[in-house]
Amino acid sequence: MATQIRRLGRNNGDRRRAVGLTQEQLAEYLDIDTLTVSRHGTGNILLPLTVVEQCSVEAK
């Protein structure tokens with residue numbers, strides 16, 4: 001499970017960079033803390049599913 005969380009965080013971080021967003025911009029858009037975005041990007045935490053869903057809808 002931990003490996004999957006890290007992979008998800010890295011994939012989301014790669015996607016964030018591909019669309020040209022900084023961690024700060026994404027955090028502001030999602031109304032979450034920048035540190036939360038950073039921790040998710042390194043795979044240290046899993047974002048709540050509501051936030052993941054919001055990211056995936058906006059990325060389409």
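1. Let's start with Thr3, which sits in helix H1. In this predicted model, Thr3 comes out as partly exposed, with a relative accessible area of 42%.

2. Gly43 has a backbone feature worth a look on your screen. Just after H3, Gly43 takes a positive phi of about 85 degrees.

3. The partners are Asp14 and Arg17, and their closest N and O atoms are 2.6 Å apart. As for why these two can pair up, Asp14 and Arg17 are three residues apart in helix H1 (residues 2–18), so about one helical turn separates them. Neither end of the pair is buried: Asp14 is partly exposed at a relative accessible area of 45%, and Arg17 is partly exposed too, at 49%.

4. Now the inside. Which residues make up the largest nonpolar core? You'll want to highlight Leu26, Ala27, Leu30, Val37, Leu47 and Val51, six residues in all. Helix H2 (residues 23–30) gives the most to this core, with three residues. As general background, nonpolar side chains tend to be buried together in soluble globular proteins.

5. Leaving out residues up to four places away in sequence, Ala27 touches Ile32, Asp33, Thr34 and Val37.

6. Is Asp31 buried or exposed? Asp31 counts as exposed, because its relative accessibility of 70% is over the 50% cut-off. If you want a distance to check, Asp31 and Thr50 are 12 Å apart in space, C-alpha to C-alpha, and 19 residues apart in sequence.

7. Asp33 also deserves a click. At the start of H3, one of the side-chain oxygens of Asp33 reaches to within 3.0 Å of the backbone nitrogen of Leu35. Asp33 is also among the residues that Ala27 touches.

8. What does His40 touch, setting aside residues up to four places away in sequence? The contacts are Leu8, Gly9, Asn12, Ile45, Leu46 and Leu47.

9. Finally, the whole protein. There are four helices and zero strands, and from the N terminus on the elements run α-α-α-α. A compact globule of 60 residues would have a radius of gyration near 10 Å, and the protein agrees with that at 10 Å. The C-alpha trace spans about 25 × 20 × 20 Å along its principal axes.

10. A few totals to close the overview. Buried residues make up 20% of the 60 residues. The accessible surface comes to about 4,300 Å², and carbon and sulfur atoms account for 52% of that. Taking contacts between residues at least 6 apart in sequence, 44% join residues at least 24 apart.

Technical notes: Residues numbered from 1 in each chain as written. Predicted model: local features only at pLDDT ≥ 70, side-chain atom pairs only at ≥ 80, totals over all residues. Heavy atoms only, no water. Salt bridge = Lys/Arg side-chain N within 4 Å of Asp/Glu carboxyl O. Buried < 20%, exposed > 50% of the residue type's maximum accessible area, 1.4 Å probe, protein only. Core = buried A, V, L, I, M, F, W, Y, C linked by side-chain atoms within 4.5 Å. Contact = heavy atoms within 4.5 Å. Polar contact = N/O pair within 3.5 Å; in protein donor to acceptor, adjacent residues only side chain to side chain. Rg over C-alpha atoms; globule rule 2.2 N^0.38 Å. Areas by Shrake-Rupley, 256 points an atom, 1.4 Å probe, with all protein chains shown as cover.
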